[in-house]
Amino acid sequence: YEVTLVMETKEGRSGDTAVEDIETWMDKAFDMAKDALQNGEVPVGCLMVYNSEVVGKGRNEVNETKNATRHAEMVALDELLNWCHSSNLDVSRVSRNTVLYVTVEPCVMCAAALRLLNIPTVVYGCRNERFGGCGSILDVSSADLPQTGNTFKCVSGHRAGEAVEMLKTFYKQENPNGINAYLNLPFISVLLLFLHLSFYFFSPQTKNEEGLIIHDHICRMIVLLLLIKDFFKLHYVT
Amino acid sequence: MSNEEHIGLMEPPPKRWKGPMCVTEDSWVAHPVLSDEESQDIEMIEAFAAPIVDKKETSRLVRELGSIHPLNGLEHLKRVRAVKDKASPHSLEVLLCLVHDAPDTEAPVSIDSLLSSAVSSEGLGQPFVVNVPARAPLTRPQFELVSKQWPTSFHEDKRVTLALKGELFSPEQKARMQSYMMSAVAAAEAGKELGMEAVGAAMVDPSTETVVAVGHDCRADHPLHHAAMVCIDLVARSQGGGCYRFDRYPSCSFTPPDSDVTAQPYICTGYDLYVTREPCLMCAMALVHSRIGRIFYGTGSADGAFGTKYKLHSQKDLNHRFEVYEGVLGRQCEELKK
Ligand SMILES: [Zn+2]
Ligand SMILES: [Zn+2]
């Protein structure tokens, strides 16, 4: 079954998490996401809060580590573990009382990792339509998986629209300096027109058969590039 | 049947486990882990059919029924079937309509009550009820099962057929697969010595037939360092990335970075993972994110995500599909659980 995830603001409290807390910490997570977006990184902000203290923070580190599992949540969980070790606190005691605040629904992998660490509550902004593990693809948060830690509670919807907009902006501007920026229809059309005009008007001496063939080849190559440009787009997303 | 083979009933009972040298490739079978649609029995629904008593009417009947009573959504069904029983007075039978699409009539059903006035019932005998498959079969076993009830079309995937028969991999391939799983088993045993869960994994580049990374469970150090997660990070290190150090574990190793960076795949694209135990949901999704090529595991696990609790590789909305096989060196991997 699918759990409907709504912010339980009417009651004033969401489980053990006060609404004021949610707003404060989610605002901080959104600041992180905005920072990431401005730096051309995946706009996901994520923090782990224990006893009103941030004990873990994360941003997506997939590209620099070449490890596709380095999502913001996994990075934040590592920080939480390090924090426990350095403050000499029992990991399971801390994690059982830690809330994760994240701007986007954790993916299936991160949701399972949160279960394995027995994180009890996850507050997130928008749904993750591609990989979401709190109901979008699978509902890992409430599934019957006795060997995979504890279920956790989800509170969703805080500034969801904003979170989606940031993701959309990111995917649109992705690779702004790359070849894709130039591979659009108006640009190609102007380029082709220019090539044709310059060929026919400014270089009459190349109007032999060989020149014509080369000219045709160049034009065809450009059209081909335009057609296959989507092929280059697929790598390096979240 | 083939299920028993991989548990090891086919080989003489070994007196004592004497190490990997005495294992032969015949003692296990790599079973494909197929989607529910491919592996479950196909739902059957009731339909009315009638014998064609006058064979000369066949083509007219097929034409008229096709346009007036089309079997919408059941395009896989053959309209006419041959009667196998030689003693039968008629040799052909034709599908009329689904029972739930037929007008409510008192039994016995008359042929004219089932057909619209635009179709002449000439040449047809007394209608009867048959079971027909509600959807097209996807595998040969499904096809053979439903064909006993009513003939259907079937677009065979030869690889799946061979895999289901346990004949997809040649003896040479199986020998290689076994050696890869053997290194995963060895890593699992080394990890167990160190107080870890006895799970091991090996990442293999099948195009060069080389082991890129071998690792074992390290969850005594870090609760999320399952064998597959360790292997994924070791592969990242082999590509000049990675974020953990497993150097203190001799059984966690990787092939040093290739000087030719352009030859490196994107993360684990095209790689095969050999893992002794079915991955959990976290590891399974980590492998999806890593764009793994294929997965071979030895034995199932309680919360497993590639067959037991989920079949993540056949999840429609994740746009990365790949093959998963279960049972490679199954008995040895099962042994690790003890
Ligand atoms: Zn994630
Ligand atoms: Zn795992």
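Visitor: How do H3(A) and H5(A) lie relative to each other, parallel or perpendicular?
Guide: In this predicted model, H3(A) and H5(A) pack at an angle of about 25°, so they are roughly parallel to each other. Angles under 35 degrees count as roughly parallel, over 145 as roughly antiparallel, 65 to 115 as roughly perpendicular and the rest as oblique.

Visitor: Which residues are those helices, and how far apart are the axes?
Guide: H3 is residues 72-86 of chain A and H5 is residues 108-116 of chain A, with axes 9 Å apart. Axes are lines fitted to C-alpha atoms, for helices over the stretch in contact, and angles run from 0 to 180 degrees between N-to-C directions. Helices are DSSP runs (H or I, at least four residues), numbered from the N terminus.

Visitor: Who makes the contact between H3(A) and H5(A)?
Guide: A:Glu73, A:Met74 and A:Leu77 come from H3(A), and A:Met109, A:Cys110, A:Ala113 and A:Leu114 from H5(A). Contact means heavy atoms within 4.5 Å. By class, that is 6 nonpolar, no polar and 1 charged residues. Ala, Val, Leu, Ile, Met, Phe, Trp, Tyr, Cys and Pro count as nonpolar, Asp, Glu, Lys and Arg as charged, and the others, Gly among them, as polar.

Visitor: OK, now H1(A) and H6(A): at what angle do they cross?
Guide: Roughly 15°, with the axes coming within 11 Å. H1 covers residues 19-38 of chain A and H6 covers residues 160-173 of chain A.

Visitor: And which residues of H1(A) meet H6(A)?
Guide: A:Phe30, A:Ala33, A:Lys34 and A:Leu37 do, and their partners in H6(A) include A:Met166 and A:Phe170.

Visitor: Switching topic, how many residues does each chain put into the contact between chain A and chain B?
Guide: Chain B gives 30 residues and chain A gives 32. The two bury about 2,700 Å² between them, 70% of it on carbon and sulfur atoms. Buried area is the accessible area (1.4 Å probe) that two parts lose on being put together, summed over both.

Visitor: Which residues in chain B lose the most area to chain A?
Guide: B:Tyr266, B:His289 and B:Asp303, together 22% of what that side buries.

Conventions. Residues are numbered from 1 along each chain as its sequence is written. Chains are lettered from A and ligands numbered from 1 in the order in which they are written. This is a predicted model: local features need pLDDT of at least 70, side-chain atom pairs count only at pLDDT 80 or more; totals for chains, interfaces and linings use all residues. Side-chain values use heavy atoms; hydrogens and water are left out. Helices (H or I, at least four residues) and strands (E, at least two) are DSSP runs, numbered from the N terminus.
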